[in-house]
Amino acid sequence: MKTLAGAWNWYEATKRNLRRMWRLGSKYWAHPSLKDASIWQDDQFRMLEASDIVAETTASLDPIDDLAVIVLFSVFESQVRDHLALRLKPEKDTLKDPILTEAAADALRGVEEGSFYRRVLCPLQAQGLVPPDLVEQVNQVRKYRNWAAHGRRERDAEMSIGTPDVAYKRLKDFLAKLGIAIEVEERESGGAE
Amino acid sequence: MTTTFREFLREQVEKHQAEGQSAKATVDEWRSAVERLFAQLREWLREDDPTGVIEIEEEQKDVTEPSLGRYRIPRLSLRAFGKWIGIIPKARKTVATASPPQKSAPQRADGRVDITDELRRYVLYRFRDDGRDVWLIDDLKSEAKPLDKDAFERVLMSYLR
């Protein structure tokens, strides 16, 4: 997964298929009408009980929304960093004064490896490239990602971002403001039904 | 039109009530069968292990099955020599098949309980014969055989050796 749209397609496809499998387990799996079906000759399925399908798909579905936010934000972060680094590098290479070269190198390091909030989000807001409310919304997604990735400890009210749909929309809007092509990546990674 | 809809609702209520009662009866009967099996296994263990080397713990777990819904059923944990063996009811309406006694064609069992240490598995199939339970044990390598004390002891030894 290299793009936000690719990550979103992964999330939707995974959740959709887990829900289908859960439904198969909870409603149809051991139905007498399937007794003579060839599926029971397959070693992957012949000892698989409905209760296992339900238990395992439930365990997989429980953290899927949090995992989606983690994955969406990771891909988004790397897209933003790559985009900005690509913009900075040619300008850095034209500088001759050592002080300016060093400052540019530091800025580039900050964009590539520094705090995403302080070295990327704040400067973009300060430059007026992204509206403050959108920066704040994306920062909430970042905080939620950190909270989910570190075991959901000490939640505060700011971390309420609702569902991954909300996170996806905010991140997509942010990419659009930076001119990162969303339409193209959506076409390239369009998931199959 | 209103009468038809009212009729439809009444039929649906009756249908759901009948299904619910049937499911409850099936689950109750399955729970009783598992309790009888566990009582037999405990008795065999008491005979072989009067001093209680093997620690036995019984707990209730949730199981979800199509048409039966979610229900609670006991499971056993046996612990000895730092090892764990679970005796776990997997399904009343199992997809697993075996040939019941005096029948050559495999058929779906009337219940399945697994004996496992999470690495290896033996499967107990339950069939009903003249109102009593007949349990077969399957090592998943050869044909299922009747469950008796010898077979149960062999299984435990294979895990505890």
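This is a predicted model: local features need pLDDT of at least 70, side-chain atom pairs count only at pLDDT 80 or more; totals for chains, interfaces and linings use all residues.
Me: What makes the buried residues of H5(A) lie on one side or on several?

Reply: The buried residues of this helix, which spans 116-126 of chain A, include Phe116(A), Val120(A) and Leu121(A). They cover an arc of only 80° around the axis, so they sit on the same side of H5(A). The face turned away from that side carries Arg118(A) and Ala126(A), which are exposed. As for what covers the buried residues, it includes helix H3 (64-94), helix H4 (98-113) and helix H6 (132-149) of chain A.

Me: How do you know whether Pro164(A) is buried or exposed?

Reply: Count its neighbours. Pro164(A) has 24 other C-beta atoms within 10 Å, and a residue is called buried at 20 or more. Pro164(A) belongs to helix H7 (164-178) of chain A. Setting aside neighbours within four places in sequence, its contacts are Tyr11(A), Asp65(A), Ala68(A), Val69(A) and Leu72(A).

Me: Moving on to the two chains, how many residues of chain A are in contact with chain B?

Reply: There are 14 residues of chain A in contact with 12 residues of chain B. On the chain A side, helix H1 (4-28) and helix H2 (50-61) each supply at least two residues. That side of chain A divides into 8 nonpolar, 3 polar and 3 charged residues.

Me: Which residues have the most contacts inside the largest nonpolar core?

Reply: Those are Leu124(B), Tyr125(B), Trp135(B), Leu136(B) and Ile137(B), in a core of 34 residues. Several elements give two or more residues to this core, including H2 of chain A and, from chain B, strand E7 (121-129) and strand E8 (132-138). H1(B) gives the most, with 6 residues. Apart from this core lies another, of 27 residues, among them Val69(A), Val111(A), Tyr168(A) and Leu171(A).

Me: How do you know whether Phe81(B) is buried or exposed?

Reply: Phe81(B) has 9 other C-beta atoms within 10 Å, and 12 or fewer counts as exposed. With 9 inside that limit, Phe81(B) is exposed. Its place is in the loop between E2 and E3 of chain B, and it has a positive phi of about 55° although it is not a glycine.

Me: And what makes Asp130(B) buried or exposed?

Reply: Use the same cut-off of 12 or fewer. Asp130(B) has 5 other C-beta atoms within 10 Å, so it is exposed. Asp130(B) sits in the loop between E7 and E8 of chain B. Its phi is near 50°, a positive value in a residue other than glycine.

How values were computed:
Residues are numbered from 1 along each chain as its sequence is written. Chains are lettered from A and ligands numbered from 1 in the order in which they are written. Helices (H or I, at least four residues) and strands (E, at least two) are DSSP runs, numbered from the N terminus. The arc is that of the directions from the helix axis to the C-beta atoms. Two residues are in contact if their C-beta atoms, placed from the backbone, lie within 7 Å. Ala, Val, Leu, Ile, Met, Phe, Trp, Tyr, Cys and Pro count as nonpolar, Asp, Glu, Lys and Arg as charged, and the others, Gly among them, as polar. A nonpolar core is a set of buried Ala, Val, Leu, Ile, Met, Phe, Trp, Tyr and Cys residues joined through C-beta atoms within 7 Å.
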